[in-house]
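Hi everyone, thanks for coming.

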Amino acid sequence: MKRLTALQVYGYLPKKNCAKCGEDTCMAFAIKLLEREKKPADCPEFGPGELEKLVEATTPPVRDVVMGGGKSALTLGGEEVMYRHELRFFNPTALMLDVSDLMDDKEIKSRVDLVNNFEFERIGEKLRLDGISIRAASGDAGKFKKAVEIVAREFKGPLVLCSFSPEVLQAGAEAVKGRRPLLYAANAKNWEKMLAIAKEFDCPLAVHSMDLSELGTIAGNISATGFKNLVLDPGIEPNGAGLARTLDNLTQLRKAALHRVEEIRYPLMGSTIPVWQSSKDETQAALYESNLVAMLLDRFLSLIVFHSTEAWSFLTSVVLKQNIYTDPRVEPSTEPKLYEINSPDENSPVFITSNFALTYFNVAGDLENMKFPCYLLVVDTEGLAVTVALAADKLNPSAIKKALKDNKVAEKVKHKKLILPGVLARISGAIEDATGWEVLIGPQDSSMIGSFLKDNWK
Ligand code: SF4
């Protein structure tokens, strides 16, 4: 599908250039709309029916569905492309930890604590789990309601409530009225009752069927009533030919959504619970689950329910998710400046690196762990890594000279020695000539800095 251009979006706007939307011109507003930095409703100047036309024109092929509310609202879907390099993906997959109402209170509480407390910092971003999915494995409305209440008391983030019984699901929804959990799931037998519950509690609704044409029919029936807050679950077959069928189904659904097939253009979800139901070995199941989640992240799922509480199992998922959902048009970068690490003084060494975020956080982390006071001068390489910046002539003698001057490094230390990343060895002479500083060639890998300093820095 071709994306609207800014000029086409501009065609839907009132063209008053009144700046009431916070942008100086309607064209600037059109560009911000395309980048999802503004919403159509941010312009108050539409005449009757005009806002609806713009909303329809700018709604992404995969509709966006919001679950939860307030600060913990989570947007699912809203994507426009098959592959991230075609544009970017906008709304990261929600990773939800499974809780069953057959677990005792202590186990439920420990799962809630895990979601509340898990945090892993990578490239300057704090990675977390997104929410909790509560499964009515007992089939008992009272038990399910109690489990939902325990979770809701301790956890304020997004929730998924799972049961194919309308009575059981209704009991859970009543326990978290106003929190807009995703209700799972409508199927061929129960969809009218499930739709009534979703409308009563103003919640998004998941639709499940292993048969794609049935899935489309149920979603189409619900959409025809005007209810568009749907998420589709085509089911996960975790093994052998079933896995291939699953990945194929997910690909077909995404393709159909991008072609705006009306009953299909909703976010996709899936659960790894079938892995646990077919395995007796918990370690093997956790290992298999992390591989399966990686595949599902790659195959367009907007929400994944997983079961393992082993960090080694789900850590790969949160890191892969971060990689997939960063904007490929923008190099992840850090602010170019002089960083002080471990309280340096006038005798401390000065290291040079690029402002590619991954390089910076690796080098800074190694220096911090070494507990050696030092300066790290991060040169503006437009977010390129050291080797690439060298090849692109962004990390060159004049850039280093400018960084030294801009950050007044000569006033911070009483020596004139720079430690370069090992790959800059071939331009070390030119750097000495340009800057007047003596150059030491550091290691290729920042994890070797400790032994380098021992041998080379008095
Ligand atoms: S408020 Fe509307 S009419 Fe005014 S500049 Fe913004 S987009 Fe244009």
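Here is one to start with: which residue in strand 16 is the bridge partner of Phe351? It is Ile419. Before going on, a word on what you see: this is a predicted model, where local features need pLDDT of at least 70, side-chain atom pairs count only at pLDDT 80 or more, and totals for chains, interfaces and linings use all residues. Residues are numbered from 1 along each chain as its sequence is written, and side-chain values use heavy atoms, with hydrogens and water left out.

Back to our strands. Strand 14 (residues 350-354) and strand 16 (residues 417-420) run parallel and are joined by two bridges. Strands here are DSSP runs of E with at least two residues, helices are runs of H or I with at least four, and both are numbered from the N terminus; two strands pair if DSSP finds at least two bridges between them.

The sheet itself is open, with five strands in the order 13-15-14-16-17 and mixed pairing. Its edges are strand 13 (338-341) and strand 17 (438-441), each pairing on one side only. On average, neighbouring strands are turned by 30° against each other, direction ignored (axes are lines fitted to C-alpha atoms, and angles between N-to-C directions run from 0 to 180 degrees).

Zooming out, the protein chain has domain 1 (6-58), domain 2 (64-325) and domain 3 (338-456), with bounds from an automatic or database domain assignment. The centres of domain 2 and domain 3, over C-alpha atoms, are 45 Å apart.

Now the ligand. Its surroundings include Lys16, Cys18, Phe29 and Pro44, where near means a heavy atom within 4 Å.

Two backbone details to finish. Lys15, in the loop between helix 1 (6-11) and helix 2 (26-34), has a positive phi of about 60° although it is not a glycine. And the peptide bond from Tyr184 to Ala185 is cis, with omega near 5°; Ala185 lies in strand 8 (residues 182-186).
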